[in-house]
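Subject: Structure handover

Hello,

Here is the structure I promised you. Please open it next to this email, then read on for what was found.

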Amino acid sequence: MTKLNDNYTQLKDSYVFRQVNEKAAAFASEHPDLPIIKMGVGNTTRPLAPTVLDALHGAVDKLSDEATYTGYGDELGEAYLREALSGYYKNEYGVELTADEFVLSDGAKSDTANIAGLFAAGSTVAVQDPVYPVYVESNTVLGNRIVYLPCTEENNFVPTPPSEPVDIIYLCSPNNPTGTVATHEQLQALVDYALENGAVIIFDAAYSAFIRDDSLPRSIFEIDGAKQCAIEVGSFSKWAGFCGVRLAWTAISEELRVDGVSLLERWRRRQLVMFNGPSNISQAGGLAVLSEAGQRECAEIIDYYRANASIIRESLQAVGLTVYGGENSPYIWLKTPNNKPSWEFFDELLENTQVVTTPGVGFGSEGEGFIRVSAFASAETTKTAMQRIANQSS
Ligand SMILES: Cc1ncc(COP(=O)(O)O)c(C=O)c1O
């Protein structure tokens, strides 16, 4: 008789973004005359860079001709793009990884979720609290035990090493949702813990392109010893506006062993069994992102979002609110006034300004009393939203 994986029943019913959308939709239908501004989600809005668009068009055109048409490609991602990523890591981070140490995929979301399947069911998994919900939900489905590492104002939203033994540690920097970035020292302490305790770090670098402060690490592999204990997941989504195009990578050094087994080999094996490689069109676009022109044009788009983040930070500070993040990240972590619960402040902002944010508590109990504001809207929309908040506060 068929049995279901009942771990699915352990998932919390209320996914924060769905609840936010429901509340916003209910408000809009009750007040059709009051236009809503969405400052909640982490979806990109700027058009793709011209160099990248050319490459995407070129890749589509190739599919129109028998002579240049391609079907299935390398399940692990095309060698040309893995080579280009290897070069990028060397030039940008001074990190030596071969092309074979990169495995391409259709998203960092799926990679951070799927990679947990390499470890024994019942593993203990540490996550930051507040946390990008995917790590918790994917590990819950696998039957793993979750340990929460509080990320608070006191520790600048970067956790200290776990106080109990854990097998896997998810880290996200620049962080979603707090917008804060871990320093070399903070990451070194976590890498040292992992090396001493035989734990594996899964480092989500989806927002690394937002880091412009040279003193901050953009890759976990900039940290001594990380090759022996860490996996890095990167994405073209926020870097190049590929949220809808879909392209990402996972980097694992040959040096990383668990029980003497190469984790890179296991991950390659997993992808060969269950994945057919990312789209050939998006990979052509990815190569263009890594070109000199592509990098420059994508950096300009990131600058646009970074400017929005500055406007949000400054506007909220000007009305006396406390904010974190938003300097090397597209997210601003706003402390609610008078320690109001997140949802109460969310409702107030919606009612009084029609600005939709994301309640921090939706990312974990340590997010209570915070709201996440995203810099991915247009500059005009961002300014209007901040003006409404300023008017309401005056
Ligand atoms: C921390 C983090 N990781 C991964 C993702 C998803 O990346 P991708 O679009 O490559 O699946 C997101 C998307 O918002 C994110 O916030």
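Leaving aside its neighbours within four places in sequence, which residues is Asp167 in contact with? They are Phe119, Ser123, Thr124, Val125 and Ala199. Contact here means that the C-beta atoms of two residues, placed from the backbone, lie within 7 Å.

Two notes before the rest. Residues are numbered from 1 along each chain as its sequence is written. The model is predicted, so local features need pLDDT of at least 70 and side-chain atom pairs count only at pLDDT 80 or more, while totals for chains, interfaces and linings use all residues.

Back to Asp167. It sits in the loop between strand 4 (145-150) and strand 5 (168-172). Strands are DSSP runs of E with at least two residues, helices are runs of H or I with at least four, and both are numbered from the N terminus. Asp167 is buried because 20 other C-beta atoms lie within 10 Å. The cut-offs: buried means 20 or more other C-beta atoms within 10 Å of the residue's own, exposed means 12 or fewer, and partly exposed is in between, with C-beta atoms placed from the backbone. Ala126 is 41 residues away from Asp167 in sequence, yet their C-alpha atoms are 7.8 Å apart.

Next, the ligand. It is surrounded by 13 residues, and the closest are Gly107, Ala108, Lys109, Ser235 and Ser237. A residue counts as near if its C-beta atom, placed from the backbone, lies within 6 Å of the molecule. The shell has six nonpolar, five polar and two charged residues. In these classes, Ala, Val, Leu, Ile, Met, Phe, Trp, Tyr, Cys and Pro are nonpolar, Asp, Glu, Lys and Arg are charged, and the others, Gly among them, are polar.

Now the domains. Domain 1 covers 15-44 + 294-393, and domain 2 covers 50-290. These bounds come from an automatic or database domain assignment. The C-alpha centres of the two domains lie 26 Å apart. Contacts link 27 residues of domain 1 to 35 residues of domain 2. On the domain 1 side, helix 10 (292-318), strand 11 (322-325) and strand 12 (331-335) each give two or more residues. Helix 10 has the largest share, seven residues. By class, this side has nine nonpolar, 14 polar and four charged residues.

The largest nonpolar core has 110 residues, and Ile169 and Ile201 touch the most other members. Such a core is a set of buried Ala, Val, Leu, Ile, Met, Phe, Trp, Tyr and Cys residues joined through C-beta atoms within 7 Å. Helix 10 gives the most to this core, with seven residues. Both domain 1 and domain 2 supply at least three residues. Beyond its neighbours within four places in sequence, Ile201 has contacts that include Ile169, Leu171 and Ile220.

Strands pair if DSSP finds at least two bridges between them. Strand 11 and strand 12 share four bridges. They form a hairpin with five residues between them, and Gly326 in the turn has a positive phi of about 75°. Tyr324 has Trp333 as its bridge partner in strand 12. Five bridges join strand 12 to strand 15. Four of the five residues of strand 12 are buried.

Best wishes
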